Amino acid sequence: MENDILDSLEDLGYKGPLLEDGALDQAASTGAASPEFTKLCAWIVSELKLYCKLEENVHATNCPTEAEGFQLEMSGLLAELVCPYSVLTTGDVTKRLLDRGNCLLLLTFLISELEASRMILVNRPQKQVQEGGGSDVFVELKGICMALGMSKPPANITMFQFFSGIEKKLKEALSKVPPTHVGGPLMKKPLGPVHWEKIEAINQALVNEYEVRRKMLLKRLDVTIQSFGWSSRAKTHADKLAKVYPPLRSALASKGTVSVAHLFAAREDLSKILRTSSGRIREKTACAINKVLMGRVPDRGGRPNEIEPPPPEMPTWQKRQDGPQGGGGQQYGGVAEEEEVVEGEAMTREGEEVMSVGAVGVEEVEVVAGG
């Protein structure tokens, strides 16, 4: 099985260290704990994604401690590919790829999927692509030829001859403009396969991030336009709004079109930061709405330094404490003091309500004294 796997890897274009004698067998024995084995699996999956639209992805590990994460990613990929081997899809997910036989079976399955995808691409007729206007690459190449004024290339031309013609036309066009007309490239460092993979991953992460932001802004726009229609005045113009807004809204895509090609097409002038208020920028961004002045608006506050501290809290009321319990003289003496207090309160306050309270207090004193 090992020899068949090595022959298939050579046919697929693999040039890694596992082609050496005994390297594949040693890596398969360690399985997911071997970084070289995970790199081989990640390479096969990356090649497979060029022909299949896979949602799952597998990343190579750098140390044996990352084996569990690798097996979890591989489990999701095998489920998406509908792997028929139960030993690779059932059981403890953290122990499936620690067995040598299972690792060799996994390589056999992934290699067969990649070989089948390449054969399908070669044998598949290209009628649908031609009827639909061509693939994205074909559309881009056609646009280059039209921009350079090139005629339609013959059917028997090779790719080397085709791109050599494009290069020749570019040099002719650049010779007719000043040397600094186009400017130098922003990306000057030559890139290898590893760099390309990293750049593609970074670009995809940025595309996903800004897609979420675009969707949020578009939703806010839709909600704002919808709120305009709530007023009674706007309801009379609902038909006009329905005719104007949808065409403009459909032109706003939620997904960006920035690709890695834009990075290599970028010039050095993009690295220069210009102020948005500079004269050159304002010549293109100034509009009539910038001259509209807002009138007086209500003060919404929000300045902590202008807020006065709250007043001190009122003291809590407490229940009046009864006098000491004792003989009749002491009880009478305590009642007399209470009578004086009640009468004093009645004299110092005004109003019928307070006077009535004082009268009630006197009656209570008389009752207690009589008893």
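Which residue forms a salt bridge with Lys-171? The first point takes this up; the model is a predicted one.

1. **Helix α9.** Glu-167 is the partner of Lys-171 in a salt bridge, with the closest N and O atoms 3.6 Å apart. Both sit in helix α9 (residues 159-174), four residues apart, so about one helical turn separates them. Glu-167 is partly exposed at 43% relative accessibility. Lys-171 is exposed at 54%.

2. **Helix α10.** Here Glu-211 and Lys-215 join their side chains in a salt bridge (3.5 Å, N to O). The two are four residues apart in helix α10 (residues 193-228), which means a separation of about one helical turn. Glu-211 is buried, with a relative accessible area of 19%; the cut-off for buried is under 20%. Lys-215 is partly exposed at 46%.

3. **From α2 to α6.** Asp-25 and Arg-100 form a salt bridge between their side chains, at 2.7 Å from N to O. Asp-25 belongs to helix α2 (residues 23-30) and Arg-100 to helix α6, so this pair ties together parts that are 75 residues apart in sequence. Asp-25 is partly exposed, at 32% relative accessibility. Arg-100 is partly exposed too, with a relative accessible area of 32%.

4. **Network and count.** Salt bridges link Asp-299, Arg-303 and Glu-306 in a network. The count for the model comes to 10 salt bridges.

5. **Inside α6.** Ser-117 is in helix α6 (residues 100-123). Its side chain reaches the backbone oxygen of Glu-113 at 2.8 Å. Ser-117 is buried, with a relative accessible area of 9%.

6. **Nonpolar patch.** Leu-121 is also placed in helix α6. Together with Leu-50 and Tyr-51, Leu-121 makes a nonpolar surface patch of about 280 Å². Leu-121 is partly exposed, at 36% relative accessible area. Patch residues need over 30%, so Leu-121 passes that cut-off.

7. **Negative patch.** Asp-4, Asp-7, Glu-10 and Asp-11 form a negative surface patch. One of them, Asp-7, is found in helix α1 (residues 2-12). Asp-7 is partly exposed, with a relative accessible area of 43%.

8. **Backbone at Val-82.** Most residues other than glycine have a negative phi. Val-82 is not a glycine, yet has a positive phi of about 55°. Val-82 lies in the loop between α4 (67-80) and α5 (86-89). Val-82 is exposed, with a relative accessible area of 65%.

How values were computed:
Residues numbered from 1 in each chain as written. Predicted model: local features only at pLDDT ≥ 70, side-chain atom pairs only at ≥ 80, totals over all residues. Heavy atoms only, no water. Buried < 20%, exposed > 50% of the residue type's maximum accessible area, 1.4 Å probe, protein only. Patch = residues over 30% accessible without salt bridge, like charges linked within 9 Å, V, L, I, M, F, W, Y side chains within 5 Å. Areas by Shrake-Rupley, 256 points an atom, 1.4 Å probe, with all protein chains shown as cover. Salt bridge = Lys/Arg side-chain N within 4 Å of Asp/Glu carboxyl O. Lys, Arg positive; Asp, Glu negative; His and termini not counted. Charge placed at Lys NZ, Arg CZ, Asp CG, Glu CD. Polar contact = N/O pair within 3.5 Å; in protein donor to acceptor, adjacent residues only side chain to side chain.
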